[in-house]
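Biologist: I would like to learn how to read a fold from its strands, helices and cores. Please take me through one case.

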Amino acid sequence: MSRSTAVWIGGRVRSPFVIEEPKPFRPDLILWLDITNDQILAADVVDPDAPKSKLANHLKAALGRADAVPPARVRVSDRAVADAIRQVLPRGTAIDIGPTPELDAIADRMGEEMEGDPRDGTYLGSGEVRVAAVERLFHESAALYRVAPWLTLADSDVLELDIPE
């Protein structure tokens, strides 16, 4: 039986999208690729604070796929990731530590595919503030400007500001 020459690349990258609920945040993507056979073996969306063991769990699932060719080498971005996956890999699998631009390329491509009308995109806060929210803020601000309460009120007058949840 011949030894596999497959090379896998794995890791976590910042996703190109924001999850809106319950509080907006930009998740990470866990990706495992077989670059020898041009396959995405595992992909998942995880909280940025999720432990490194999530990466090992997804590697284990990828290794269990019927169509997966076990790797001869695995490349990850740093030693902490290498340590997290070492026990999951088949005996004799080499681990290389180096750049993983292939993962960034997939995230970038996802972002390109997900882009719609730029007016539906995001504006501030690393993508957590939607264009529609900023548009509404400026619309309401324009109404306040037209009323111009500063022309009739004194510094001692009290204004009420209501910000519903």
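Modeller: What follows goes from the sheet to the helices, then to the cores and a few single residues. Keep in mind that this is a predicted model.

Biologist: Where should I start with the sheet, and in what order do its strands lie?

Modeller: Start with the pairing. Strands of a sheet pair through backbone hydrogen bonds, either parallel or antiparallel. Here five strands form an open sheet in the order β3-β2-β1-β4-β5, and the pairing is mixed. β3 and β5 (94-97) are the edge strands; each has a single partner strand, so one side of each has no neighbour in the sheet. On average, neighbouring strands are turned by 15 degrees against each other, direction ignored.

Biologist: Which residues show how β2 is held between its neighbours?

Modeller: Take one side at a time. β1 (residues 7-14) pairs with β2 in the antiparallel sense, over seven bridges. Val13 has Leu29 of β2 as its bridge partner, and Gly11 stands opposite Leu31 in β2.

Biologist: How many residues lie between β2 and β3?

Modeller: Four; the two strands form a hairpin, and Asp38 in the turn has a positive phi of about 55 degrees.

Biologist: How do I read the two faces of a strand, and which residues of β2 point which way?

Modeller: In a regular strand the side chains alternate between the two faces of the sheet. In β2, Asp28, Ile30, Trp32 and Asp34 point one way, while Leu29, Leu31 and Leu33 point the other way. All of these are buried, and β2 is described as mostly covered, with seven of its seven residues buried.

Biologist: Which helices lie across the sheet, and at what angles?

Modeller: Two can be read this way. α1 lies across β1, β2 and β3, running at about 35 degrees to β2. Helix α3 (residues 101-114) lies across β1, β2, β3 and β4, and runs at about 55 degrees to β1.

Biologist: How can I check the length of a helix, say α4?

Modeller: Compare the expected span with the distance between the end C-alpha atoms. Helix α4 (residues 131-147) has 17 residues, which at 1.5 Å a residue should span 24 Å; the end C-alpha atoms are 25 Å apart, which agrees. After α4 comes Ala148, with a positive phi near 50 degrees.

Biologist: Which residues touch the most other members of the largest nonpolar core?

Modeller: That core has 19 residues, and those touching the most other members are Trp8, Trp32, Leu41, Leu59, Val74, Val76 and Ile85. At least two residues come from each of β2 (28-34), β3, α1, β4 (73-76) and α2 (79-85). α1 gives the most, with four residues. A second, separate core has nine residues, including Phe17, Leu29, Leu103 and Ala107.

Biologist: Is Phe17 buried or exposed, and what does it contact?

Modeller: Phe17 lies in the loop between β1 and β2. Its relative accessible area is 17%, under the 20% limit, so Phe17 counts as buried. Leaving aside neighbours within four places in sequence, Phe17 is in contact with Arg26, Pro27, Leu29, Val45, Met110 and Met114. Phe17 and Met110 are 93 residues apart along the chain, with their C-alpha atoms separated by 8.8 Å.

Biologist: Where is Thr100, and what does it contact?

Modeller: Thr100 is in the loop between β5 and α3. Thr100 is buried, at 11% relative accessible area. Apart from neighbours within four places in sequence, its contacts are Ile9, Gly10, Arg75, Val76 and Ser77.

Biologist: How many aromatic pairs are there, and how do I classify the geometry?

Modeller: The structure holds one. Classify by the angle between the ring planes: the rings of Tyr145 and Trp150 have planes at 45 degrees and centres 5.9 Å apart, so this pair is tilted. Tyr145 counts as exposed, at 61% relative accessibility, and Trp150 as partly exposed, at 48%.

Key. Residues are numbered from 1 along each chain as its sequence is written. This is a predicted model: local features need pLDDT of at least 70, side-chain atom pairs count only at pLDDT 80 or more; totals for chains, interfaces and linings use all residues. Side-chain values use heavy atoms; hydrogens and water are left out. A nonpolar core is a set of buried Ala, Val, Leu, Ile, Met, Phe, Trp, Tyr and Cys residues joined through side-chain atoms within 4.5 Å. Buried means under 20% relative accessible area, exposed over 50%, partly exposed in between (1.4 Å probe, protein chains only). Two strands pair if DSSP finds at least two bridges between them. Axes are lines fitted to C-alpha atoms, for helices over the stretch in contact, and angles run from 0 to 180 degrees between N-to-C directions. Contact means heavy atoms within 4.5 Å. Rings of Phe, Tyr and Trp (its six-membered ring) pair if their centres lie within 6.5 Å; planes under 30 degrees apart count as stacked, over 60 as edge-to-face and the rest as tilted. The expected span of a helix is 1.5 Å times one less than its number of residues.
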